[in-house]
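Dear colleague,

I am handing over the structure below, and after it I describe what was found. Please keep it open beside this message as you read.

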Amino acid sequence: MKSFKILKAPDEALKEILLSLFELNKIKGVFALSRINSDNYGYALITDKTLIRDIAPTIPLMPANAAKSISRLTMVESLKSPIAVVLRPCELRALFELVKLEQARLDNMIFISFTCGGVFPTRIMKDGLHDKLEKYWENIKTGENLEDLRESCRICEHFVPDNADIILNLVGENNISHETTVLLKSEKGEKLLTDKINKFVEIDLESEKLRSCINKRTEVKSKIYGAFETEKFGVDGLTRFFGRCINCHACSKACPVCYCKLCFFESAENEYNPSTLETMLNNRGALRLPVDTIFYHLGRLIHVGITCVGCGMCSDACPTDIPVSRIFSKAGERVQQLFEYVPGRNIDEKIPIATFQDTELTEVEH
Amino acid sequence: MKGHIITSTEGLNKAVKRILMSFIEQGVFDAILVPTRAPSGESFVYLLIKDKKFIESCSPLPPIMPIQGARALKDLTRLGKTDLRVLCVMRACEIRASIELSKLKQINLENISFISIDCPGAFVTRDYINNSAELDKSYGEILNVWKADNLRPSCNTCVSFSCKDLPIDLHIGKIGMKENEIIVVPLSKKGEEFLSSIQIECAQDISEWQTAIEDMQQRKTENRNKAFLELKNKVTGIDNLNNFFSNCINCHNCMRVCPICYCRQCFFESTDQVRLEAENYIIRAENKGGIRFPTEMILFHLGRMSHMALSCVGCGACEDACPMDIPVAQVFKFMANELQQMFDYVPGEKIDEPIPILTYKEDELREYEDAQGSK
């Protein structure tokens, strides 16, 4: 892979690249995480190149999975002119899944991503993220796993982006504070910057350091999944796990691949006549209201398990701190393994649910 | 008005449970809708109880309000009346929200009765989940001293914490009572009948409790006015609003948990709002140099506010469920208060008083017609 170095920290290096793409008239806009005010960050679509100064794509936060926003942007029609979209690997993977589900379009987008060191829970914005940053960037150099990152990030093995056109390597880079390695992953990426840069070095993104970092995260994952004995759950285990769920459905709203405009569980289909509830009450002696708390989570799990990218937005948005993503990513992984499917890996690979034949999987019938 | 004092060393919850048990045993009600500790132990859920063995484990006045009771009752009666005679054990704000929802035809109150309990407020649900043992103890003390600094801000400024003006049948008083006493107060003729069916005759004087309520009312009104005054400068004008909501992640949780916000599909999640051409966003970005995504964040909050503020009971559920801890309830309560005063409307006070939005006439409110606000 062609690569070159910019003698600046990642966000500054990225600003330099984006500005030159603007100047070369190769992009009309940028979509990236940006600074909203002194403490807060949010996504923005920027068309005025002077506002590029406000972007902060590598700040360790993910206030929303950006795939959802790109879906809003391109649901009805493709972009007419090219924009650069800076996404974390899990956001990019979620976007690819949404394209397969016909909820977004990729035309005219240049994807920039980076090897991702993970993000903090979004709530950290209010307690002061800035105190945490120094340690965060120190740890990225060695690929150490910070305890206070999102759990989904601590166990993420897919932090090297598969499908970006341009990749910044952050994880394992010792000089990250003042030097950024830029890799041109796709032909599109190469074309964009070949005129601009004259000296390239051929490097491989599969370094020893990245591999050891993946291994570390696999270790944490095995530990967390191992202690989390879903196999022994049964209905009682689920009732305990989701016991404090307040039925707000924030996990579904925050989930990038849970795209239904009106969820079945919020629809008229799922309303009960008082007499039906009365029968349920008579059978059980007592009835939890609102009903169907566990049913909702299981229904959602069946719908999104195969496409779950493990971004952790569901846990992040849960007002009662239920570790929703732990159950979704563990179960999701099992289903994905069964179908040898990695969500977001390849845009041409169909979601198994779309190709399922009734002669398949007879071995799990009983 | 008379009441009946119950002396019990077992505390408020146990005493109320005995009353509920008698109601079921005597067949006064078929079922009780009451908060109960979740099986996981660190939270509470609403349980509709028919079998009396479940009464033993319920918690009539839990230290948190993770689910607004009106939402639970809505689930039961949205499609029509229940044939069960149900007694709902709720906080005043939950009852008031239920009454608003009945006006909005989302709850059917036929066969439904309410019993309210003097409410000292609730803890932030998240605080409780992370520290339930400690806060359980603390709540026990609060019920005696009736003062605390770690309750939800919306509770500290709540002026409808008892049964004043509630159009319901039964109430349990606690403020100003001795540590081992509660007072059962029938608020209607029907309430008296319910109580006499379980051999509770109300003949005792309740003036001491009433005085304590009035004192508390005054104190809380002062709290509220002070809070509103402080808030006013923080939220007036679009820049302030932008800052106030700047870390909103658009999860719409405030809307989902709001008892009043009942639309099945919010406009802000509907086709009209979600399916826009890419060009639409690009043009908007070009007009300002850039736009934030998801778009319409402030518009969502303002839209929601204009839809529900007249019926807002200030319960604080929105704030409690905000994953970013934005003090949403403060600003909604503040606006709601101004608006409700303008229409001389108190949500949940009278069952047959329509919501002003249903009775509005075009020749009303001429004085607000000038959009610039000049007089």
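Predicted model: local features only at pLDDT ≥ 70, side-chain atom pairs only at ≥ 80, totals over all residues.

Over all chains, the count of salt bridges comes to 42.

Two further pairs belong to chain B. In one of them, B:Glu10 forms a salt bridge with B:Arg18, with 2.8 Å between the closest N and O atoms. B:Glu10, at 38% relative accessibility, counts as partly exposed, whereas B:Arg18, at 51%, counts as exposed.

In the other, the side chains of B:Glu296 and B:Arg284 meet in a salt bridge at 2.1 Å, N to O. B:Glu296 lies in the loop between β9 (290-293) and α13 (297-308) of chain B, and B:Arg284 lies in helix α12 (residues 278-288) of chain B, so this pair ties together parts that are 12 residues apart in sequence. With a relative accessibility of 16%, B:Glu296 counts as buried, whereas B:Arg284, at 26%, counts as partly exposed. Elsewhere, A:Lys253, A:Glu266, B:Arg256 and B:Glu269 are joined into one network by salt bridges that share partners.

The last item concerns two helices of chain B. The axes of helix α8 (residues 207-235) and helix α15 (residues 328-342) of chain B come within 10 Å and cross at roughly 105°. Because angles of 65 to 115 degrees count as roughly perpendicular, α8(B) is roughly perpendicular to α15(B). On the side of α8(B), the contact is made by B:Arg224, B:Phe228, B:Leu231, B:Lys232 and B:Val235, and on the side of α15(B) by B:Gln330, B:Val331, B:Lys333, B:Phe334 and B:Asn337. Sorted by class, the contact of α8(B) with α15(B) has five nonpolar, two polar and three charged residues.

Note on methods: Residues numbered from 1 in each chain as written. Chains lettered and ligands numbered in written order. Heavy atoms only, no water. Salt bridge = Lys/Arg side-chain N within 4 Å of Asp/Glu carboxyl O. Buried < 20%, exposed > 50% of the residue type's maximum accessible area, 1.4 Å probe, protein only. Helix = DSSP H or I, 4+ residues; strand = E, 2+ residues; numbered from the N terminus. Axes fitted to C-alpha atoms, helices over the stretch in contact; angles between N-to-C directions. Parallel < 35°, antiparallel > 145°, perpendicular 65-115°, else oblique. Contact = heavy atoms within 4.5 Å. Nonpolar A, V, L, I, M, F, W, Y, C, P; charged D, E, K, R; others polar.
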